[in-house]
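The exercises below are meant to be worked with the coordinates open beside the text.

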Amino acid sequence: MNPNLYNIDNYGASPNTDQLSTEAIAAAIEAASDAGGGTVYIPAGTYHTGAIMLQSNIELHVSAGAVLSFSTDPAHYPPVRSRWEGVHQHVHASCIYGEQLHNVSITGSGRIEGNGQAWWELFRNHREQLEYPRPKLISFDHCTRITIRDVQLRNSPSWTVNPICCEMVTVDNITIHNPADSPNTDGINPESCRNVHISNCHIDVGDDCITIKSGTEDTPDRVPCENVTVVNCTMMHGHGGVVIGSEMSGDIRNVTISNCVFKQTDRGIRLKSRRGRGGTVEDIRISNIVMEDVICPFIMNLYYFCGPRGKDKYVWDKNPYPITEETPCFRRIHFANITARRVHAAAGFLYGLAEQYVSEVTFSDIDISMAEDAIPGRPAMMAGIEDMNNRGFYLGNVRDVRFNRVTIENHEGPAFYIENGEEVDVIDCRSRRTKREEQLVERVTIQPSAESEAPVQS
């Protein structure tokens with residue numbers, strides 16, 4: 001018998017009953033930790049439990065046929081101090097949680113079941129009963145060498161995987177499924193992390209599939225999220241395939257996204273922020289992506305109005321403001337070898353601030369086909385735009401943007417509409433459109449009025 005294997009049944013766990021196995025799992029973790037580390041083994045069967053607090057040098061192995069089924073009682077998730085939407089505050093402990101740890105793994109081909117339905121109901125209809133923000137399914141805070149591999153993750157109460165201020169994070173070959181209408185059930189959200197590798201995952205969720213974040217203006221410690229790779233993943237439904245921001249006050253840089261498939265993800269690659277956030281998103285490379293049935297494949301929006309203070313004039317005003325440390329910046333972002341089919345609203349939407357243009361962006365070898373039965377929608381969440389369909393690239397406040405070998409099919413109006421653009425090059429691009437008399441590129445200069453359009457209050 002492996003002396004470093006700690007089977008929770010040996011510590012009083014009760015499979016296939018309503019009895020909680022929280023104490024048995026904690027005892028197995030403690031025994032492994034006392035021995036210097038080891039594998040806590042979840043055998044086949046269904047085990048009901050409250051929050052699991054991991055320790056260093058522990059592998060939690062959920063074997064084939066095993067289900068870790070988490071309680072819906074808030075009392076089983078004691079409050080901890082961690083980030084929630086960029087703000088450091090008391091939150092319910094995650095279903096699986098750890099802080100200040102090193103060398104921790106969650107492995108196995110079993111299922112981790114969050115039973116999120118009760119939490120979603122509270123959030124939607126009885127939010128006043130939530131003393132703290134909902135648990136995440138898996139979260140680590142200030143940890144090093146984290147591995148999550150092979151497991152099936154289902155019905156998370158909120159975000160599914162959320163490492164915060166961690167280093168050397170590997171997420172490989174996991175399956176995440178949360179219903180398309182479940183609130184805030186993002187898939188994988190590395191936040192202010194360094195050296196993150198996400199690969200071979202299938203993600204089907206009710207919010208963004210993968211989101212890269214680094215805190216907001218309300219996060220005292222500005223810690224970047226950097227050196228992130230996303231490869232060989234399939235994204236289904238959700239609000240975005242891979243999203244960067246809008247929490248990016250600590251900077252996001254050195255990100256590669258490649259060899260992925262996005263299907264019905266609302267939006268494809270989506271960058272978003274606004275005045276007040278500060279921070280820089282830079283050195284991002286996206287390649288070898290196939291998208292199908294999306295509202296818009298490419299979004300860079302520096303007037304994002306969701307969340308606290310999002311309706312303030314400072315956020316939505318299209319007049320230029322002084323550039324300060326509160327001014328966000330998107331630059332050096334490159335797209336290559338991407339196909340998007342059945343696109344509804346626009347081929348792409350890039351809109352920088354009046355005082356801080358989106359800059360140094362390239363699109364190479366891009367093939368976009370607009371949907372024949374396109375459903376009108378807004379490509380980005382910002383004031384001053386209306387529902388659109390079958391539009392080409394819509395650019396505003398951009399500088400040094402190059403389109404090379406880009407094809408757009410079945411669009412209406414110009415393939416490239418450029419509003420307040422400097423050094424925008426369209427090279428060897430093709431337009432397959434129904435109205436042949438329309439021009440390929442339309443360039444306009446618009447001066448904001450003294451009173452820019454305010455967003456509709458909702």
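**Exercise 1.** Which residues touch the most other members of the largest nonpolar core, and how many residues does this core hold?

*Solution.* The model is a predicted one, in which local features need pLDDT of at least 70 and side-chain atom pairs count only at pLDDT 80 or more, while totals for chains, interfaces and linings use all residues. Residues are numbered from 1 along each chain as its sequence is written, and side-chain values use heavy atoms, with hydrogens and water left out.

Begin with the term itself: a nonpolar core is a set of buried Ala, Val, Leu, Ile, Met, Phe, Trp, Tyr and Cys residues joined through side-chain atoms within 4.5 Å, where buried means under 20% relative accessible area, exposed over 50%, and partly exposed in between, for a 1.4 Å probe and protein chains only. The largest such core has 125 residues, and Leu54, Phe335 and Phe393 touch the most other members. Strand β31 (residues 391–409) gives the most to this core, namely eight residues; strands (E, at least two residues) and helices (H or I, at least four) are DSSP runs numbered from the N terminus.

Next, take Phe335 and list its contacts (heavy atoms within 4.5 Å). Leaving aside neighbours within four places in sequence, the partners of Phe335 include Ile269, Ile286, Phe298, Met300 and Val361.

**Exercise 2.** Determine how the buried residues of helix α1 are arranged around its axis.

*Solution.* First, α1 (residues 22–34) has 13 residues and reaches 18 Å from its first C-alpha to its last, close to the 18 Å expected at 1.5 Å a residue, the expected span being 1.5 Å times one less than the number of residues. Second, Ala24, Ile25, Ala28, Ile29 and Ala32 are the buried residues in α1. Seen down the axis, the buried residues of α1 fall within an arc of 135° (taken from the directions from the helix axis to the C-beta atoms), so they line one face of the helix. Third, Glu23 and Asp34 are exposed on the other side of α1. Finally, the cover over the buried residues includes β1 (5–7), β2 (38–42) and β3 (45–49).

**Exercise 3.** Is the pairing of β19 with β17 parallel or antiparallel?

*Solution.* Two strands pair if DSSP finds at least two bridges between them. Strands β17 (residues 175–177) and β19 (residues 202–205) pair in the parallel sense over three bridges, with His177 opposite Asp204 in β19. Four bridges also join β19 to β22 (residues 234–237), again running parallel, and here Val205 stands opposite His237.
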